[in-house]
Amino acid sequence: LALPFAVPSGAGEPLGEELATTINYMVSHQLQDLTMDETAKKHEPPSNCELLRVPTVNQVIWGQMGPNMRSQEIKMQRILKLLAAGITAFARIMDGAYMTRTHQEALGLLCNTNFEINGLRKRAIRPTINPRYAALYKSATVQPPDLLFGADLTKQVREINEDAKTMSLMRPMKPGRQLKRKYPYRTTTASGAAPGTSR
């Protein structure tokens with residue numbers, strides 16, 4: 001009777017001892033980079049799953065990034081490639097087979113992790129982008145393929161600039177603020193007319 005209560009909070013049903021030992025080892029030890037890269041090459045993203053390909057940073061933004069940030073970005077790209085290979089391998093197993101609820105949940109968790117990492121990449125690049133264009137590094141509803149910030153980056157920047165202009169025109173005038181005179185350097189005489197003019 002006490003068995004159900006003996007499972008630590010946040011822990012599911014136990015696996016077979018051999019599989020559990022393998023998983024515990026693999027998640028607690030860094031596996032050889034060469035082995036991982038060679039394994040990933042065996043599971044390239046399917047041709048009709050272009051969104052599994054790791055999007056690269058747009059060249060105009062890459063040029064603004066410092067050496068340290070570029071190094072971190074390259075590491076993130078590698079992690080995504082390994083993740084994409086894992087998703088592909090799982091998908092190959094399930095292709096054409098019946099997907100149980102557990103299979104669907106596993107695929108959903110893996111794919112969402114891919115999406116979240118791309119969002120983290122954008123936020124990590126944030127310091128290189130003018131704060132005015134903060135909307136660029138916010139997580140998109142749909143991650144564009146090939147380029148991290150989308151192929152229409154120039155269009156996005158133009159739209160942000162246009163929106164900023166529109167908002168500045170719509171912004172209410174501050175109380176007590178007066179419009180500048182057309183000729184601020186002119187003064188008026190006691191009669192109310194500017195010097196050199198007649199009424």
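The model described here is predicted, with local features requiring pLDDT of at least 70 and side-chain atom pairs counting only at pLDDT 80 or more, while totals for chains, interfaces and linings use all residues. Residues are numbered from 1 along each chain as its sequence is written, and side-chain values use heavy atoms, with hydrogens and water left out.

The secondary structure of the protein chain comprises seven helices and zero strands, where helices (H or I, at least four residues) and strands (E, at least two) are DSSP runs numbered from the N terminus. Read from the N terminus on, the elements follow the order α-α-α-α-α-α-α. The protein chain has 199 residues, and 20% of them count as buried; here buried means under 20% relative accessible area, exposed means over 50%, and partly exposed lies in between (1.4 Å probe, protein chains only).

Next comes helix packing. Two packed helices are described by the angle between their axes and the distance between the axes. Axes are lines fitted to C-alpha atoms, for helices over the stretch in contact, and angles run from 0 to 180 degrees between N-to-C directions. Helix H5 (residues 67–94) and helix H6 (residues 101–125) have axes that come within 10 Å and cross at roughly 165°. H5 and H6 are therefore roughly antiparallel to each other, given that angles under 35 degrees count as roughly parallel, over 145 as roughly antiparallel, 65 to 115 as roughly perpendicular and the rest as oblique. The crossing of H5 and H6 is left-handed, a label used if the near helix is turned anticlockwise from the far one by less than a right angle, with right-handed used if clockwise. The contact of H5 with H6 contains 16 nonpolar, five polar and two charged residues. In this grouping, Ala, Val, Leu, Ile, Met, Phe, Trp, Tyr, Cys and Pro count as nonpolar, Asp, Glu, Lys and Arg as charged, and the others, Gly among them, as polar.

H5 also packs against H3, at an angle of about 50° and with the axes 9 Å apart. H3 and H5 are therefore oblique to each other, and H3 passes H5 in a left-handed crossing.

A pocket is an open set of points on a 1 Å grid over the protein atoms alone, with protein on both sides within 12 Å along at least five of seven lines, whereas a cavity is a set of points where a 1.4 Å probe fits but cannot get out; lining residues have an atom within 4 Å of a point. The largest pocket holds about 650 Å³ of space, a volume being the space filled by probe spheres set on the points, which are joined across faces, edges and corners. Its lining has 14 residues, of which Met26, Leu31, Met36, Leu82 and Gly86 lie nearest the centre. Helix H3 (33–41) and H5 are the elements that give two or more residues to this lining, and H5 gives the most, with six residues. By class, the lining of the largest pocket divides into eight nonpolar, four polar and two charged residues.

The second largest pocket holds about 230 Å³ of space. Among its 14 lining residues, Ala40, Glu44, Pro45, Lys81 and Leu82 lie nearest the centre. H3 and H5 each supply at least two residues of this lining, with H5 giving the most, at five residues. The lining of the second largest pocket has seven nonpolar, one polar and six charged residues.

Several single residues complete the picture. Arg123 sits in helix H6 and is partly exposed, with a relative accessible area of 39%. Arg123 and Lys138 are 15 residues apart in sequence, and their C-alpha atoms are 7.2 Å apart in space. His103 is also placed in helix H6, and His103 is partly exposed at 24% relative accessible area. The C-alpha atoms of His103 and Phe90, 13 residues apart along the chain, are separated by 9.2 Å.

Two loop residues follow. Gln64, in the loop between helix H4 (59–62) and H5, counts as exposed at 56% relative accessibility. Gln64 and Thr128 are 64 residues apart in sequence and 6.1 Å apart in space, C-alpha to C-alpha. Asp146 lies in the loop between H6 and helix H7 (153–170) and is partly exposed, at 43% relative accessibility. Most residues other than glycine have a negative phi. Asp146, although not a glycine, has a positive phi of about 70°.
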